[in-house]
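Please go through the helix packing in this model, then a few single residues. The structure comes first.

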Amino acid sequence: MTQAEKGEAENGKDKEREREREQRGAKRPIVPAAVPESLQEQIQSNFIVVIHPGSATLRLGRATDTLPVGIPHVIARRQRQPGPAACRDSWLLRDGLNKPESTEQRQNGLKMVDQAIWSKKMSNGARRIPVSPDQARSYNRQMRPAILDHSSGAKWTNTANHPEFLVGEEALYVNPLDSYNIHWPIRRGQLNLHAGPGGSLTAVLADLEVIWSHAIQKYLEIPLKDLKYYRCILLIPDIYNKQHVKELVNMILMKMGFSGIIVHQESVCATFGSGLSSACIVDVGDQKTSVCCVEDGVSHRNTRLCLAYGGSDVSRCFYWLMQRAGFPYRDCQLTNKLDCLLLQHLKETFCHLDQDISGLQDHEFQIRHPDSPALLYQFRLGDEKLQAPMALFYPATFGIVGQKMTTLQHRSQGDPEDPHDEHYLLATQSKQEQSAKATADRKSMSKPGTYEGDLRGQPTDISERIYPQEVELGSSQSDCMISGNDSEEPLSAHMSRKTAISQFEGKALGLDKAILHSIDCCASDDTKKKMYSSILVVGGGLMFHKAQEFLQHRILNKMPPSFRRVVENVEVITRPKDMDPRLIAWKGGAVLACLDTTQELWIYQREWQRFGVRMLRERAAFVW
């Protein structure tokens with residue numbers, strides 16, 4: 001036997017011994033030993049869970065899954081002691097609907113909707129003939145339900161064993177007579193903090209931990225003790241609350257026990273999921289609508305807007321319009337979860353944005369509630385099916401009074417655990433600016449030709465770069481506000497800026513106006529052109545027939561004339577690659593898991609334990 005052959009035999013024995021040692025000692029490595037390199041990336045992605053928490057639906061799955069699991073983002077918790085009535089977070093109802101001005105505002109909004117419907121011609125060039133609700137009302141009021149079956153087949157969730165909590169679909173089907181509190185932990189894209197039971201930050205985080213843990217065990221079949229072998233990608237809103245994100249990261253790493261995490265914004269993930277490099281992302285969800293311009297994987301902070309309405313507001317508006325037309329199911333209650341599910345279903349089935357569908361049409365729907373017979377209702381509807389989704393463009397129709405309807409990116413309050421945040425950077429930067437100014441003054445004494453103003457212009461760019469949460473609206477808008485340095489801003493100017501912000505945030509912007517405003521806030525004309533030619537609609541709130549053509553027509557009609565001449569084509573994309581728009585952001589999170597550049601973004605459990613929120617400043621793929 002030659003020396004080389006001896007060496008090879010020893011090497012083989014060493015490898016075998018190593019393999020045996022690994023099998024005995026290691027319980028379950030993230031990348032199992034002796035895996036061909038081409039498969040390693042596949043296995044790594046299989047150990048990454050992507051979580052996209054929405055107001056109404058939680059979507060989660062492994063990064064290698066084709067589609068995520070989607071469950072209602074709700075929990076039912078058993079009351080500790082029976083006594084006061086159970087606390088149930090509302091779904092379709094919200095604050096600001098029962099004010100004295102609500103009805104008048106609703107009627108005014110509807111007049112604007114009707115005017116818009118009449119002014120746009122049908123494809124054959126004729127004007128639409130409006131249908132009065134009176135025409136349908138007399139027919140609908142005579143209708144009585146037909147009994148299809150004496151048993152509906154639907155059942156209440158079985159609570160005989162008194163489970164401590166129920167999650168998702170089971171929580172929605174809890175019998176109202178059972179002593180369970182119902183909580184939706186996220187409302188309008190943010191943590192659902194309120195003064196009632198279950199509304200504290202601790203309680204909401206506990207609800208999220210239970211829902212997510214339950215879904216991971218039940219649907220992904222991952223035991224919680226094995227989460228230490230997994231990493232997590234968490235999608236957050238574009239306008240995020242730093243304190244809440246910090247608490248969520250802490251919960252995922254320290255309480256649920258994931259080994260690592262990446263946090264990224266929904267809008268950027270939507271571009272990854274659709275395969276676009278740049279786009280104006282319009283995310284119409286159940287509770288909120290966010291608009292933001294993304295260019296090459298970066299969400300431009302000045303362009304971010306969040307509108308406090310979404311698909312559930314359209315469902316409630318549709319119910320109001322159907323009531324005007326004599327809706328035959330007279331026992332329908334917005335406080336009943338099952339009736340809310342029915343109204344969502346009716347909206348998704350009947351509503352559209354097609355101008356060519358006009359006149360009265362006959363429809364039918366079934367009601368299958370537990371402990372009740374299965375009923376079939378027939379009814380007639382006219383323009384209500386078009387008016388309800390158009391409320392997204394005329395939000396006064398929702399009748400919401402005295403609520404903050406538009407949110408912009410605000411400056412954060414700072415965090416004691418993160419001393420080197422933007423407040424620190426701005427404070428030290430202004431000292432540098434002062435010393436530079438003093439130097440310039442001395443120089444200008446000796447050189448009368450120099451002008452100190454040239455120096456002043458430079459640092460403002462720095463302050464804008466390091467102020468990720470400053471509010472700034474487009475300079476060409478009438479509500480314009482320019483971000484600046486608070487320390488040098490006169491008090492009167494600061495107050496007028498704050499007043500302008502609060503006035504702007506009080507307005508309920510229509511969806512098309514919000515898109516135009518967001519694009520107008522882009523820094524350069526080239527970027528604006530890029531955004532007009534790529535408007536991506538994601539989320540489930542605008543999945544109506546002909547929505548794409550309708551939105552495109554409105555943007556074309558309302559965009560500034562200067563751009564109308566130079567933008568070759570305004571393109572609204574509602575189903576990129578024929579994908580379900582509700583899944584695009586989640587899909588983008590799964591794509592993120594597979595990118596080579598992602599490796600340097602991971603925040604690991606041990607690092608978080610040691611450095612805390614500072615890791616987000618270091619590793620986040622966006623300006624924290």
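## Helix 3 and its partners

The buried residues of helix 3 pack against helix 9 (311–324), helix 11 (384–390) and helix 17 (547–558). Contact here means heavy atoms within 4.5 Å. Helices (H or I, at least four residues) and strands (E, at least two) are DSSP runs, numbered from the N terminus. The model is predicted: local features need pLDDT of at least 70, side-chain atom pairs count only at pLDDT 80 or more, and totals for chains, interfaces and linings use all residues. Residues are numbered from 1 along each chain as its sequence is written, and side-chain values use heavy atoms, with hydrogens and water left out.

Which residues of helix 3 are buried? They are S102, R106, G109, L110, V113, A116 and I117. They cover an arc of only 120° around the axis, which puts them on the same side of helix 3. The arc is that of the directions from the helix axis to the C-beta atoms. On the other side of helix 3, E104 and K111 are exposed. Buried means under 20% relative accessible area, exposed over 50%, and partly exposed in between (1.4 Å probe, protein chains only). The expected span is 1.5 Å times one less than the number of residues.

## Helix 17

Helix 17 also has a buried face. In helix 17, A547, F550, L551, R554 and I555 are buried. Seen down the axis, these buried residues fall within an arc of 125°, so they line one face of helix 17. An α-helix has 3.6 residues a turn, so residues three or four places apart point the same way.

The buried residues of helix 17 pack against helix 3, helix 11, helix 15 (511–520) and helix 16 (525–532). They also pack against strand 19 (535–538) and strand 20 (572–573). The twelve residues of helix 17 should span 16 Å at 1.5 Å a residue; the end C-alpha atoms are 17 Å apart, which agrees.

## Two helix pairs

Two packed helices are described by the angle between their axes and the distance between the axes. Axes are lines fitted to C-alpha atoms, for helices over the stretch in contact, and angles run from 0 to 180 degrees between N-to-C directions. Angles under 35 degrees count as roughly parallel, over 145 as roughly antiparallel, 65 to 115 as roughly perpendicular and the rest as oblique.

How do helix 9 and helix 10 cross, and at what angle? The axes of helix 9 and helix 10 (residues 337–350) come within 9 Å and cross at roughly 85°. Helix 9 and helix 10 are therefore roughly perpendicular to each other. Helix 9 makes the contact through G311, S312, V314, S315, F318, Y319 and M322. Helix 10 brings L343, Q344, L346, K347 and F350. Helix 15 and helix 16 pack at about 150°, with their axes 9 Å apart. That makes helix 15 roughly antiparallel to helix 16. L516, I519 and D520 in helix 15 meet K528, M531 and Y532 in helix 16.

## Single residues

S45 lies in helix 2 (residues 37–46). At 4% relative accessibility, S45 counts as buried. Leaving aside neighbours within four places in sequence, S45 is in contact with A63, T64, A593 and C594. R137 sits in helix 4 (residues 133–142). At 23% relative accessibility, R137 counts as partly exposed. Beyond neighbours within four places, R137 is in contact with R324, A325 and G326. R137 and R380 are 243 residues apart in sequence, and 8.2 Å apart in space, C-alpha to C-alpha.

Two loop residues have positive phi without being glycine. For R188, phi is near 50°. R188 is in the loop between strand 8 (186–187) and strand 9 (190–191). R188 is partly exposed, with a relative accessible area of 23%. For K546, phi is about 70°. K546 is in the loop between strand 19 and helix 17. K546 is partly exposed at 35%.

## The whole chain

The protein chain has 21 helices and 21 strands. Buried residues make up 51% of its 624 residues.
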